[in-house]
Amino acid sequence: MIQKTLLLTALGCLSLTACSTVETSKTIQAPQVTSATTAARYTGVKTPVSIGKFDNRSSYMRGIFSDNVDRLGGQAKTILETHLQQTGYFSVLNRDNLSELQQEAGYSKSNQAIKGARYVLTGDVSEFGRKEVGDHQLFG
């Protein structure tokens with residue numbers, strides 16, 4: 001009787017371990033701009049630039065069930081801003097929260113001294129992802 005119980009227990013444990021899977025995780029390092037990792041960083045005068053609107057002109061996340069929030073354009077803008085800052089050549093002026101900052105300056109009754117940018121960078125995301133299916137033509 002004891003041997004039968006031990007045998008059933010062993011088979012139960014073996015079946016449980018046979019069904020389990022081992023999950024692994026891997027940390028992916030974010031790539032940096034090559035000029036950000038060089039020993040001789042740029043120490044000259046930084047050119048002031050402002051990043052304007054980046055719009056999603058692709059078909060990605062623009063369907064009927066979309067909430068009309070342009071996440072892809074915002075991500076493209078953030079990636080560009082990060083890379084420009086990492087080069088050390090540019091002083092990136094962020095204008096995203098300008099209306100909130102003006103409102104806070106009004107509350108504290110102080111004047112704002114906003115520095116102007118020499119260049120404004122704008123853009124569009126025209127394609128996103130990769131095409132996995134080919135074109136099908138009717139009649140040829």
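What follows is a short tour, from the overall layout to the sheet and then the surface.

Keep in mind that this is a predicted model. The protein chain has three helices and three strands, and from the N terminus on they come in the order α-β-α-β-α-β.

**The chain as a whole**

- Of the 140 residues in the protein chain, 15% are buried.
- The protein chain exposes about 12300 Å², and carbon and sulfur atoms supply 56% of that area.
- Take the contacts between residues at least 6 apart in sequence: 72% of them join residues at least 24 apart.

**The sheet**

- The three strands make an open sheet in the order E2-E1-E3, and the pairing is parallel.
- E2 and E3 are the edge strands, each pairing on one side only.
- On average, neighbouring strands of this sheet are turned by 35 degrees against each other, ignoring direction.
- As background, strands of a sheet pair through backbone hydrogen bonds, and they can do so in parallel or antiparallel fashion.

**How E1 connects to its partners**

- E1 and strand E2 (residues 90-93) run parallel and are joined by four bridges.
- If you want a spot to look at on that side, Ser50 stands opposite Leu93 in E2.
- E1 and strand E3 (residues 119-125) also run parallel, here with six bridges joining them.
- Two pairs to pick out on the E3 side: Val49 has Tyr119 as its bridge partner, and Phe54 has Gly123.

**The helix on the sheet**

- Helix H2, residues 71-87, packs on the sheet and touches E1, E2 and E3.
- The direction of H2 makes about 160 degrees with that of E1.

**A nonpolar patch on the surface**

- Which residues form a nonpolar patch on the surface? They are Tyr42, Val45 and Tyr89, with about 320 Å² of accessible area together.
- To find Tyr42, go to the loop between helix H1 (2-19) and E1.
- Tyr42 has 33% relative accessibility, so it counts as partly exposed; that label covers the range between the buried cut-off of under 20% and the exposed cut-off of over 50%.

Key:
Residues numbered from 1 in each chain as written. Predicted model: local features only at pLDDT ≥ 70, side-chain atom pairs only at ≥ 80, totals over all residues. Heavy atoms only, no water. Pairing = 2+ DSSP bridges. Axes fitted to C-alpha atoms, helices over the stretch in contact; angles between N-to-C directions. Contact = heavy atoms within 4.5 Å. Patch = residues over 30% accessible without salt bridge, like charges linked within 9 Å, V, L, I, M, F, W, Y side chains within 5 Å. Areas by Shrake-Rupley, 256 points an atom, 1.4 Å probe, with all protein chains shown as cover. Salt bridge = Lys/Arg side-chain N within 4 Å of Asp/Glu carboxyl O. Buried < 20%, exposed > 50% of the residue type's maximum accessible area, 1.4 Å probe, protein only.
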